[in-house]
Amino acid sequence: MDELSLPDLLALRGSVVAASDEFFAEKENLIKPSAPVFTPHSFGPKGQLYDGWETRRRRGAGGSLPDPAEHDWVVARFGVPGVVRAVVVDTAFFTGNYPQACSVQACSAAGYPTPRELAGWEEIVPRSPLSGDNQHVFGVSSGRRYTHVRLNIFPDGGVARLRVHGVVVPAPGMLDGLTFDLAALENGADIVACSDEFYSVPRNVISPGLSRVMGEGWETRRRRTPGHEWLVVRLAGQGMIRLAEIDTSGYRGNAPGAAALQAGDGSTWYDLLGRTPLQPDTVHRFRVDGAPATHVRLNIYPDGGVARLRLYGSLSENGFACLKENWQRTS
């Protein structure tokens, strides 16, 4: 599997919680979902404006070069616990002010600790050289579950974006016995197949929050041949679905004419919701009565855009056992 195709654990409502310095550009820019941009000769009170995180120049005693042991750092919290597979350190547009090198550490913490309370840091990316205006991809082989990362830069400088791709590992104790969204990316679900993603990626439909614009949903090209478009969701775990929500918010002239849902094990399917007309710019909710399933297929007729898909239900006994086993294996 391409590690960069996995979800960004920082994008699932993560945050940047601390930094050694952010004199020239704020630390929060690191996890913006959009690609970095740059406007030459745009100056603020502290100099050229950069879409990233940039620290001041470090100085040693008497204004000399900084001590090699000293460096800047930033700490970010994942939106959900996960196993890290790849880290991307992007120095886009930082050309004369990028760090010489970086390393990445990670830790796992229960509850909601302050940055000062974080401990047990483990190195997941050793100190590695960086170049300016470049995207650096580092593979991670650890199979442990983490909740925070710390990016160290040597000795100072600017980084445009930080991405941490990995596999979501939901805490079973937070889901046991509850009704929740079995299709939510932040609960461990994901998209495993789709027929078309011309305008926007299908993973958007199971992402946190509401879709604010059409680009934050899933939209296919206009179909000119017989058939229909579809996507397949691997659920957070085997479970029974009781309520389905198909949201076409924001899609006014390009909503599907109808939709249907099938559930099953990814190879055999049963009808969860028969073919049903949809309205533009509308949140549609349907009571359903699903048997235990691990996958759901959304069919849209013939094409168009869906903002969000929510599938509310509860885990089966087998589904909870698998989540618990995965949690213990990654501890």
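The model is predicted, and local features need pLDDT of at least 70, side-chain atom pairs count only at pLDDT 80 or more, and totals for chains, interfaces and linings use all residues. Residues are numbered from 1 along each chain as its sequence is written, and side-chain values use heavy atoms, with hydrogens and water left out.

Of the 331 residues, 50% are buried, where buried means under 20% relative accessible area, exposed over 50%, and partly exposed in between (1.4 Å probe, protein chains only).

The structure contains 18 salt bridges, each defined by a side-chain nitrogen of Lys or Arg within 4 Å of a carboxyl oxygen of Asp or Glu. One of them pairs Asp72 with Arg58, with the closest N and O atoms 3.1 Å apart. Asp72 belongs to strand 5 (residues 72–90) and Arg58 to the loop between strand 4 (53–54) and strand 5, so this pair ties together parts 14 residues apart in sequence. Asp72 is buried at 2% relative accessibility, whereas Arg58 is partly exposed at 21%.

In helix 1 (residues 317–329), Arg329 and Glu325 are four residues apart, about one turn of the helix; their salt bridge has a closest N to O distance of 3.9 Å. Arg329 is exposed, with a relative accessible area of 55%, and Glu325 is partly exposed, at 48%.

Terms used: Helices (H or I, at least four residues) and strands (E, at least two) are DSSP runs, numbered from the N terminus.
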